[in-house]
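Here is a friendly walk through one model, meant to be read with the coordinates open beside you.

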Amino acid sequence: MTARAARWHLRLFRALLLAYPAWFRNAYRDEMEQLFLSRLARARGVRRVAALWPRVGADALWTAIALRRGRTELRAALPQRRRRAGGFDMLVQDIRHGVRHLMSTPIFTLGAVALLAVGIGANVAVFTVVDRFLLRPPPYDRPDEVVYVYQDSDDGEPSSAAFPAYRDMAEQPVFSAVAATSPAQLSWERPDGTVDATVEFTTASYLAVTGLEMVRGQWFSPHHDVVGSEPVAVVSAAAWRSRFGGDPEAVGRTIRLNGSPVTIIGVGPESLGGTFAPVVTDFWLSISAVAVGGQFRVGNLDRREDHWYSVRARLAPGVSVEQARAAMQALATRLGEMYPELDKGRGITVQRARDVRLFPETESTLALATAVVLTLLLLACANLANLLLVRGIGRSREMAIRCALGAGGVRIARLCLVESLLLSLLGGIAGLVLARVALSALPMAPLPPPFSATMDLAIDGRIGVFSIALMIVTGTLFGLAPALRAARRDVAGELREDQRVSSAGRATMRLRNGLVVVQVATSLVLVLTAGLLSRSLAATQRVDTGVDAGRVAFTRTNLARAGVSGPEAYVLLEQLRERVEALPGVTYAAAASRLPAQFSGTTTTIVEGYTPPAGTEAVELGFTVVTPQYFDTMGLRILTGRGFTSSDAAGADRVVIINQAAAQQFWGGVAPVGRRLRSQGQTGVFRTVIGVAADAPVNTYPERPIRPMFYAPAAQAGFGPVYVLARTEGDPAALSGAMRAAVTEVRSSLPVLAQGTLESHFGAALSALRFITRVMGATSALAVLLAALGIYAVVAFNVAQRAGELGIRVALGANPGRVVRMVLGEALVSVVAGLAGGLLVAALAARQLESALFGVQPLDPVTFGGGVAFLTGVAWLAAYLPARRAAMADPARALRAS
Amino acid sequence: MVTRSDPRVTPLRPAVFHILLALSVEDLHGLGIADEVERASGGMLELGPGTLYRSLAEMVDAGLIRSVRAPGDAADPRRKYYRITAAGRTSVAAEARRLQRLVGAARDRNVLRDPT
């Protein structure tokens, strides 16, 4: 056959191909022609060629009709079982397709996964903490029956109770059981060294209040509630596992706490932690063991002015909380009559256990953190939705082609779904990893020192599931959008439109512009929130601690452990202090009962010439017992009067130095020197104010406002645990070895309980705030980056979609510069609308943030101005770059590319 | 009662069956399938272009086969190759068994008696 004849045959065959649907023709034309040509080449002779044509013709006609009638025939003919196997195959195919597609757009994929990871991770981490602190019901059996009973503090706030008052409460028939607990940190001597142990002194009734079962051994018996009987301990189930390796022999063993032997009689209930969940308790100690915590605890048990115990009670059957409240009010009135000096007007409050928040001071921080991460989660959702929608629009042509090729709506939906699920899965895994990292960095951070013990902060599965589910829903909803569009639209129209010599259809245009508005608005809220938080963080770093902390090292020891007390202890302390002061490089050495910014005991004090606004005549005052060199060592200025001297000795006139806040609150700052105050319990023993020291944070740092407190000279007060402080010319951290040696040399029985620098101590005190702010800051910064990427993606995509149109404008003679300006102008309209919306929402959000912001105004102009400028810049770049590329491109190429 | 979807009685279209048979040995492109079908049937079955490609399209859609990239040593790497899927193998085996049963039934009735 000649080449020419072959060409004619081929032409005829091509004409036949017109019978087929276009999608089929486009897909297989070349290969069908090849097959036809190979058959033609084989058919030698006119007769065989003539015989070929009817077959080819019938074949074409028959299959073309079949194809045009629909393609369900084969599938319908397939047996059910086989079809299901086919479905699985298809799923594998879908997943493979999804992976391939995600890998082909790595930036989109990474961006979306990062977005999901941040949203899910931050949420899981923060919710876990919030849940542990605020939401989780106490671990008691039938928790609705358990109430917390508080005696008012002198400020009229519900607070801890005096042990004698607890005894009175326990006699009330409204309760079936009443227990008192009091936490402490003890040093636990183990063969491998001394460690801190978190303990709670508690009564035998506690187990009945919790309603829980012991893991093994016994709980305390009522005779353990009396000082004088043997001191016993119950190890918590958690500590039994972590510290004893779950050894059954642990029960019956004797351990040494603060140098005293205590026998373990049982392993506590499985879920029971400390009274202050999520703080873990290592041991519960019987009341008979209170002396282990110090002799003063023995005295406490009978002193109505010392409020050391938290009271938990279980309501008697059939008794309501209201009835319990009435009974406690009656008790409060009775106590006020019996002890007018101490308890007149002091109320007793009953709260349902599940209504109680244990750390009110962390509540606002946690609430803020929750608000921020929730916002973040919503923004992450919105951002993800936007990314998916943008991509969906970009894929509408692909979807249309798939439709045209016969892929059913269901199949396309499946493709989109599988991709979204893959994304959500990846993001979820990354998010959980992120949450784990964040939570493992958390321990001890948000709690003030007395409670800074081990915390149980396992990721809560429900929260993880919730966050991931939210992301999956978002992903699915918006991932399906392109499939829905593809199903809804007429395919031909879509294909025609995207042959685009025209600009996009009005609906598409509106959708795209809407996306830009939403994206810009959400991003602005993110950027502004993040900005405010990071500026707040920066402000907290600059807070004045009041003391010159840079060169001070401390070592904590306990004089009681050397078996000394009273004047003898003071002599030993002075020896130790002089020893430390003699160390090379040390300019001053001092001792103090506590450090600034550290929770510590208060004393109920009567201040002469001052009437507290509420409650009793007395105020709760924090105090520090110090040696005379304290103020020099700390760099704390004496503003009025004088500091302590060696003449302020045990037998001399009793003196105190107050802080500025106290001088201000009690006497309006007028002539504080010479005024007097006394401990409420010690009638007639007044201390005279000899000076006013500059303010330093008392309980927390930063502390606003600084609480009133006083300093008492060590020679005139008793103490046991003590901080030895040294100011050095060199690096204070380098001093710890020498200080440790000094302690041991002075008396080998003195333990070294802790060492550090004052700076690191403040750092730890700040860590709660700093930690949360830093996490928020980092999360927000990442989110800002994502927001910027999001804006860039949406705007740039929008402009890039118009590349064909712009190319044509330029080809038709439009000035490229003017085309670029036109695009920028149009993009700007959406951006400005988004900025306006975002500003409004951000301003409202900032008002909510106000309480948490430190040293920054909620409507901080720097943050707001910077945020708006930043996002405008990003949007401008995103519009400018693709517009310029389109306008500058060779118009012919732009057309061909489309 | 047997239903249409019962695998014991629902036949595969011959073209589909033969394509699956051809692909059960190795991945092939369209032309290769046509050649192999022809070879295996001793020249009895010649798939027309329409039949072949319509079947391929529908079989991909039904998940019996899928298209794969050409192997590295292929003469024309632009050509689309096809590979049988697990579902395809199940189908071809079921069909072969069905035919086997038919042949068995025919043999039982002595219809396959040697004409000699």
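Predicted model: local features only at pLDDT ≥ 70, side-chain atom pairs only at ≥ 80, totals over all residues.

Residues are numbered from 1 along each chain as its sequence is written, with chains lettered from A and ligands numbered from 1 in the order in which they are written.

Chain B holds four helices and three strands; these are DSSP runs, helices being H or I of at least four residues and strands E of at least two, numbered from the N terminus. Starting at the N terminus, the elements of chain B follow the order α-β-α-α-β-β-α.

The three strands make an open antiparallel sheet, ordered β1-β3-β2 (chain B), where pairing takes at least two DSSP bridges between two strands.

| Strand | Residues |
|---|---|
| β1(B) | 28–29 |
| β2(B) | 65–68 |
| β3(B) | 81–84 |

β1 and β2 of chain B each have a single partner strand, so one side of each lacks a neighbour in the sheet.

Now to chain A. The largest nonpolar core has 81 residues, and L116(A) and L384(A) are among those touching the most other members. Such a core is a set of buried Ala, Val, Leu, Ile, Met, Phe, Trp, Tyr and Cys residues joined through C-beta atoms within 7 Å; buried means 20 or more other C-beta atoms within 10 Å of the residue's own, with C-beta atoms placed from the backbone. Another core, apart from that one, has 65 residues, including V552(A) and F719(A).

Notes. Buried ≥ 20, exposed ≤ 12 C-beta atoms within 10 Å, placed from the backbone.
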